[in-house]
Amino acid sequence: MEELVKQLTAAQTELAPQFKALRDVIGALNTAVRLAAAEKADALPMHKALSKLETTAAEVDSATLDQAVAAFAAVTQTALDDLAFDFAKDLRDEFGERGETVDGRPPILSVGLLTFKIDMAARKGQWFYGREPLTSAIPLSLTGILKAYDQQVKRIVNRSLESNFLPDLQKAWQDCKDERKQRPSGGRINIIEVYSKLTMNRQSARFWNQPSRSTFKDYERVLFVRDLVLVQAQGDPPFRLGVATKSQAEQSSRSIWLPETAVDGQYYSDITFD
């Protein structure tokens with residue numbers, strides 16, 4: 001009998017995880033079936049159910065199940081898209097009452113020079129200038145979105161170029177070049193390296209005497225991007241920017257995106273002063 005108990009226990013041990021996986025996926029399927037049978041697709045509960053369904057289905061080997069999950073995912077995405085379009089319409093109406101135009105289509109909308117990316121599943125969105133985030137993810141409240149937009153227009157779009165920007169930028173470039181053991185080809189220095197040097201050069205004696213977060217004078221990357229765009233807009237800048245390669249563009253530590261419009265622009269990797 002002892003040997004029989006061992007065999008039964010081994011079978012139980014082997015099948016228990018499969019039973020749990022089947023029980024979990026059946027529960028997830030029951031929820032998905034209930035939502036799919038509703039008269040109107042309810043996007044947010046469907047997205048939540050889809051997440052659980054995909055997780056549990058990954059533990060069960062079934063082609064029929066895989067097809068069902070894929071079909072439910074497609075319908076869920078359509079429902080989310082429809083919800084995003086409804087929200088975008090409301091947002092367009094709000095900006096329209098202020099005489100402003102919203103361009104694009106969900107999930108990416110643009111107003112003037114700024115873009116707003118919608119994550120309907122999370123019920124949140126985020127403002128960007130080019131590829132640089134301006135806000136954290138904020139709830140999809142029309143009032144909150146417009147308030148954040150007005151703040152960023154004042155901070156970014158209406159920003160004035162400081163008279164010391166170009167001298168500071170050239171000094172940072174020169175400092176980076178002087179620190180090299182070998183002169184860089186064509187005087188090209190990585191744009192992010194120059195940005196970092198510029199930020200450090202602007203620190204006060206108080207910071208260098210007692211380095212800490214409280215004594216550090218921040219120069220946000222998005223402000224650096226905006227300042228470069230403002231210089232270019234003046235025409236005939238005293239520097240040249242090198243277009244980034246594909247591999248450089250994929251790394252924020254090696255390149256920077258300068259917007260030409262809310263959605264168009266170019267990645268640059270290095271800077272050279274004449």
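Me: How many bridges join strand 8 to strand 10, and in which sense do the two run?
Reply: In this predicted model, strand 8 (residues 239-243) is joined to strand 10 by five bridges, and the two run antiparallel.

Me: Which residue of strand 10 stands opposite Val243?
Reply: Val243 stands opposite Tyr268.

Me: Over how many bridges does strand 9 pair with strand 10?
Reply: Strand 9, residues 256-259, pairs with strand 10 over four bridges in the antiparallel sense. Within this pairing, Pro259 has Gly265 of strand 10 as its bridge partner.

Me: And what do strand 9 and strand 10 form, with how many residues between them?
Reply: Strands 9 and 10 form a hairpin, with five residues between them.

Me: What about strand 7: in which sense does it pair with strand 10?
Reply: Strand 7 covers residues 189-190 and pairs with strand 10, residues 265-273, in the antiparallel sense over two bridges. Ile189 has Ile271 in strand 10 as its bridge partner.

Me: Where is Asp82 found?
Reply: Asp82 lies in helix 3, which spans residues 63-97.

Me: Why is Asp82 called partly exposed?
Reply: The relative accessible area of Asp82 is 45%.

Key. Residues numbered from 1 in each chain as written. Predicted model: local features only at pLDDT ≥ 70, side-chain atom pairs only at ≥ 80, totals over all residues. Heavy atoms only, no water. Pairing = 2+ DSSP bridges. Buried < 20%, exposed > 50% of the residue type's maximum accessible area, 1.4 Å probe, protein only.
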